[in-house]
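Subject: A structure for you to look at

Hi,

Here is the structure I promised to pass on to you. Have a look at it first, and then read on for what turned up in it.

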Amino acid sequence: MYESLLMMFLAAGFIGAAAVVVGALLGPKRAGPDKLAAYESGLPATGTARERFPVHFYLVAMLFILFDVEAAFFFPLAVKFGMAPQFLFAQAIIFVAILAVGYIYVIRKGVLDWK
Amino acid sequence: MTLLPEGFIVWSVLAPALFLLGFALLTLLLGVFQRDRGFVAAVALTGIAGAAVFALHFLMEAQRGSAESGFGLRYLADAHASAFTLVILLGTALAVLVGQGTLERLDLDHPEYFPLLLLSATGAVVMVSAGDLITLLLGLEIMSLAVYVLAAWRSDVRQSQEAGLKYFLLGSFASALFIYGIALTYGAGGHFDYASLMAVFAATGFEAHITALLGAVLIIAGLGFKVAFVPFHQWAPDVYTGAPTPVTTFMAVVVKTAAFGALLRVAATIFAGLEAGALGAILPGVLVVLIGATLVVGNLGALLQAGVKRMLAYSAVAHAGYLGLAVVAAGADGMAAAGFYLAAYTLMTAGAFAVLTQVMDDDDRGDTIEHFAGLGRRRPWLAAAMAVCLLSLAGIPPFAGFIGKVLVIQAAITAGHVVLAVLAVVTSVVAVVYYARVVVAMYFREQSSAARLPERPASRSVDVAIGIAAVGTLLLGLLPGLWYTLLEQGQNLLVFVSSP
C-alpha cells in the first residue's frame, strides 16, 4: 500500500535533481557585475546586511508575533461558535482580558516607547 | 447539536486555580502601577489565602464522601487534589514571605516576582487536580515557564543565568519526552483521561502492552525530571544553587509537590491499570530501580557537599527518593502518606532555605558550614528554627519528617516493596550525618573570624516564614493526626487498587 508513496518520493527526488543538474549543464553562463550582484527586488543593493540595529526591534517584533498568534486562536472559536455560544463567548472574554493585562503591562514597562 | 454534554462544565472545581490566576494578573498590574512592594506581597498573600479557602471547602466535601469533579472526571477536586493544592499554597505563601524580605537587599526587586510565583502556583494546582493527560501537560507547562524565568532572576550573575538556561533546556527536553509518552499512551489506549485509560489497560482483551508500557516509562521520565529522580536529577544541584535563594525555596517545595501530586495520581490509575494486565511486573521494577538509585545518589551526594545550599539541593533529591516509596504504593496508602510527607517536607525545607537567606550575604553567597558556626549563641531563635528543620529533614522524632518517613515506609511495606523500605531506612541513617554537621556547627563551634554573619536588621516577613515553618514542623510531628486523618479519610476519585 506504500508503493505509491515510494514512487512519489522517487519522482520528486528525480525532478528536483534533474532541474539542478540540467540547468547547470545546459544553461548559458554570461557573468557580469550586474548579474553577480545580490538580488534586492530590483533595487540597487547598498551597504552590508550585517548592520547593527537597535535591540528594541527584537522586543517589538517578539510582541508583534505574540499578539498576532494569539489572534489566530480566535479562528477555531469562530468556527465552532454556534455550538455553545455562551460558553465560547465567556472563554473569548477571559482570553481577551488576560491579553489586555499583558498589553497594559507592556505599555507601562515602556516597551512601545521608541527611544 | 451541542459541543458539550449537559452538566459537563463545572466552573466551581476550577475556583482555586482561577482565584490564583486572577490574583496573578492583579499583582502584575499593581506591580507596574504601585511602587510599594509590601502592598503587592500582601495582595499576593490574600490571593493565596482565598484559593486556600476554596481548596479547604473541597477537602471538607471529600470528607463527607461527596468529592467534586468537573469536565467528566478530567478535573478533580477530591481529597488528594485539594490537600495537595493546600500544600502548594503553603509553599507559595512561604516563598512570597521569604522573597518579600530578601529580594530588596539582593537588588532583585522587580515587580514581576509575585505574579510569576502565583502563575506558577496556578499551573501546579492544575497539575495536581488533573484527571486527564492533556490537562496535566497544560498545568506542567504553565508551572514550568514561570519557574524558568525565576531561576534566571539574577540576570547579572553567571550562575543564575546558567541555572535558568540549564533548567529551560533540560526542562523542555523532559517536556518533549513527557509529550511523547502521552502520545504513546493515547496510541495504546485511545483515551486521554485517566479513568478510561485505566479501564482499557486493565481489560482482558487489551493487546498493545509494549506501547502502553513505553508511554508509561516516558511519562515517568518527564515527571521524574521535575521531581529530580536519579538519573534525571543532574540539573537539580546546579539550578538550586544558581537560582536566588527565595526562588530555590519555591522550586524545591512547590514544583516537587505538584509533580508528585500528578505522578501519584497517574500511578494510582494508569500504572495500576497496566500492572493488572500482562507484563504488569515491569513497570514497578522500573520505578523501584529509579527510586533506589535516587535514595543512594541523593544521600551520598548531600554527604559530599561543602555548601549548605548545595547540600539542601541534594537533600531535595534524596527526599524525592523517600516520596518515591509512596509512588510504588500509590493505589493503597501511598497517596495519603505522600500528602503528609509533602506537607512536612514543604515546611522543613522552606524553613531551612529561609534561615539560609538570613545567614548568606547580600550577594546571595556565603553558605559554608563555617558561616553557621556559633549561630546558636549569636541568633538563638534562628539557630533553633534551623535545628528543628534539619533534624526533621533527617527524620528524627518528634518532628514531622519522622512521621512522614514512617508513613511512606509503611506504605511501601504494605505494597510489598520491602527491599526499598530497607534501603530507605539505611540511607536515612546516612542522612543524619550531613544534617547533624550543620547543627553541630551551630551549637558546638565558635564563630570563625573569616565567616561572619552579615550585620543587618532582621526581616520581619522572613521571620514570620521561619516561625511558620518551625512551629508547623513541630506541630505536625506532635499531632500528625490533624492533617493525616483529612488525607486518609477523604474520598479520592479514580483510585484503582490492582489485585496483587
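Before the helices, one term: a crossing is called left-handed if the near helix is turned anticlockwise from the far one by less than a right angle, and right-handed if it is turned clockwise. Please also keep in mind that this is a predicted model.

Let's start with a pair in chain B. Helix α8 (residues 209-227) of chain B passes helix α11 (residues 282-303) of chain B in a right-handed crossing. Their axes come within 10 Å and cross at roughly 25 degrees, which makes α8(B) roughly parallel to α11(B). On the α8(B) side you will find B:L213, B:A216, B:V217, B:I220 and B:G224, and they meet B:I282, B:L283, B:V286, B:L287 and B:L290 of α11(B). Nine of the residues in this contact are nonpolar, one is polar and none is charged.

Next, follow α11(B) to another partner, helix α12 (residues 308-328) of chain B: the two axes lie 8 Å apart, at an angle of about 155 degrees. Angles over 145 degrees count as roughly antiparallel, so that is how α11(B) runs relative to α12(B). This time the crossing is left-handed. Among the residues that α11(B) brings to the contact are B:L287, B:I291 and B:L295, while those from α12(B) include B:Y314, B:A318 and B:L325. The contact of α11(B) with α12(B) holds 15 nonpolar residues, seven polar and no charged ones.

The contact of α15(B) with α17(B) is made of 14 nonpolar residues, with no polar and no charged ones.

Now for the core. Which residues have the most contacts inside the largest nonpolar core? They are B:A151, B:L325, B:A326, B:Y341, B:L390 and B:V408, in a core of 208 residues. Its largest share, 21 residues, comes from helix α13 (residues 330-359) of chain B.

Finally, the two chains meet through ten residues from chain A and ten from chain B. On the chain A side, seven are nonpolar, three are charged and none is polar.

Enjoy exploring!

Best wishes

Methods:
Residues numbered from 1 in each chain as written. Chains lettered and ligands numbered in written order. Predicted model: local features only at pLDDT ≥ 70, side-chain atom pairs only at ≥ 80, totals over all residues. Contact = placed C-beta atoms within 7 Å. Nonpolar A, V, L, I, M, F, W, Y, C, P; charged D, E, K, R; others polar. Axes fitted to C-alpha atoms, helices over the stretch in contact; angles between N-to-C directions. Helix = DSSP H or I, 4+ residues; strand = E, 2+ residues; numbered from the N terminus. Parallel < 35°, antiparallel > 145°, perpendicular 65-115°, else oblique. Core = buried A, V, L, I, M, F, W, Y, C linked by C-beta atoms within 7 Å. Buried ≥ 20, exposed ≤ 12 C-beta atoms within 10 Å, placed from the backbone.
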